[in-house]
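This report describes a few local features of one protein chain. The sequence and structure are shown first, and the description follows.

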Amino acid sequence: MIQLKELEVWFITGSQHLYGEKTLKQVAANSQAITQALNDRDEISIRVVFKPVLTSPDAILDLCLEANRSPQCIGLIMWMHTFSPAKMWISGLNVLKKPFVHLHTQFNRDIPWSTIDMNYMNLNQSAHGDREFGFICSRMRLARKVIVGFWQDPDVLDRLDTWMRAASAWHDAQGAKIARLGDNMREVAVTEGDKVGAQMQLGYSVNGYSLGNLTTYIRAISEAEVDRLVAEYDTQYNVANPLRSHGPKRASLREAARIELGLRAFLDAGDFKAFTNTFENLEGLAQLPGIAVQRLMADGYGFGAEGDWKTAALVRAMKVMSAGLDGGTSFMEDYTYHLEPSAMKVLGAHMLEICASLASEQPSLEIHPLSIGDKEDPVRLVFNVPPGPGINASILDLGNRFRMLGNQVDVVAPAEPAPHLPVARAVWIPRPDLKRAAAAWILAGGPHHTCFSQAVTAEHLEDFSEMAGLEFLLIDDNTTLPQFKKELRWNEVYYHAAYGF
Ligand code: MN
């Protein structure tokens, strides 16, 4: 359901008329060559579209208006090949609504010492032309990413693609619809928040739907459709004995399949990109959706349990950022600690709803009691998550602003099998270590729900936050608590002043 190749990033080159037609033609040819090279690289996930070199205020304004109107354009790459007097950019940048990245590069990598002359100098002026552009962006207080380096360097391409993926998620959130089924888990604070504020700043709308809306779709599912999906389960998963055909719990598996099909139909009919539910409000459902949610997330839907719409939106955004990359992305919760002093770690899980994209092996399909809520035993996929780096991210509502909070972690193999643990689980060591990471997370007001990913990086989240005007805090190897506390205090003042009324 996520197709990055249908989107466009526009390659914008700034110049002026001072240098004559011949130089401008060369500038255009060089920009086209860079555009072509970017499109030829597998690392670049969005189609790059060359736009004619801009040399006047009117042309710049027209281009920015065109970008705003284009449904495919998710953002712009800006580059001043030569010098482009930046007052020309004010009217265009004033109206531009799409994110942009400032690519500070030069067409020729090396100085040709034996032949360099003034013609070469005039053509290759980005070293100072891009400074003029940077000034006007800073003077206008415009959020943007600045990438410095030769346009063929792998790290430049990597940072550019990271920005493109963040821009794709930003684009995807604009006008996105999120369904909140059954409202909030009662009395829980962190999953609440300002939905109007979120729509104004982040672009997505959250609306509530009764369980009756959903059960209408579930009841309309035919036995033949259930047969087909259960057969798919049988081939894709290691099905536990009670759930196999003729097993005593086969009917529960069929019910789980019916719920998945009904949920899909409901989300499809409403054009929803993400949804929430809550185990306290399941009227008309026989069991809490487990495998249904695990598979819907794997297909790109955002999800938040217990009414957590902020996390549902973030899961969706991180699904878009990571489309096609190795590594899974899921709704997650810091569940249980291992506090042995030399090996402190976190067991992350949820009641059921961990995305199947994280599975390190063929998941087993099981049924167990839930122990809370008051429904039939739910069917779920159980698996481990492969070792390696990952990140936990969350968005919280501080009353006057939203905060994006990230923590880099390292997933480790569980020390021992846990044969009675009936849910998918990830075991990780937070950076810099559990004591400092958890203290920083708690001081920052970080939620218990997160989006966990082994594909998204801190830079994706930072770029996304920049586009959204979100505060971004990262807990990583460099975090010290005294410094982190100061950052929290300073940010209170900064955002109070920056957001105003
Ligand atoms: Mn929860």
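P432 lies in the loop between β17 (426-430) and α13. In this predicted model, the peptide bond that joins R431 to P432 is cis, and its omega is near 0 degrees.

After α13 comes G445, with a positive phi near 80 degrees.

Two residues other than glycine also have a positive phi. For D183 the angle is about 60 degrees, and D183 is found in the loop between β6 (177-181) and α7 (195-202). D183 counts as partly exposed because its relative accessibility is 43%. For E306, phi is near 55 degrees. E306 sits in the loop between β10 (302-304) and α12 (309-321), and it is buried, with a relative accessible area of 7%.

Next comes a sheet. Three strands form an open sheet with mixed pairing, in the order β8-β13-β14. β8 (238-239) and β14 (379-382) stand at the edges with a single partner strand each, so one side of each has no neighbour in the sheet. β8 pairs with strand β13 (residues 364-367) in the parallel sense, over two bridges. In this pairing, N238 stands opposite S364 of β13. In general, the strands of a sheet pair through backbone hydrogen bonds, in either a parallel or an antiparallel sense.

The remaining topic is charged side chains. Side chains of opposite charge can pair when their charged atoms come close. The model has a count of 28 salt bridges, including those in the table.

| Salt bridge | Closest N and O atoms |
|---|---|
| R186 with E280 | 4.0 Å |
| R264 with E260 | 3.1 Å |
| R264 with D299 | 2.7 Å |

R186 forms its salt bridge with E280. This pair links distant parts of the chain, 94 residues apart: R186 is in the loop between β6 and α7, and E280 in the loop between β9 (274-276) and α11 (291-298). R186 counts as exposed, at 54% relative accessibility, while E280 is partly exposed, with a relative accessible area of 28%.

R264 forms a salt bridge with E260 and another with D299. R264 and E260 are separated by about one helical turn because they are four residues apart in helix α10 (residues 250-270). R264 counts as partly exposed, at 24% relative accessibility, whereas E260 counts as buried, at 1%. R264 lies in helix α10 and D299 in the loop between α11 and β10, so this pair ties together parts that are 35 residues apart in sequence. D299 counts as partly exposed, at 37% relative accessibility. Elsewhere, salt bridges that share partners join E223, D227, R254, E255 and R258 into one network.

Note on methods:
Residues numbered from 1 in each chain as written. Predicted model: local features only at pLDDT ≥ 70, side-chain atom pairs only at ≥ 80, totals over all residues. Heavy atoms only, no water. Pairing = 2+ DSSP bridges. Buried < 20%, exposed > 50% of the residue type's maximum accessible area, 1.4 Å probe, protein only. Salt bridge = Lys/Arg side-chain N within 4 Å of Asp/Glu carboxyl O.
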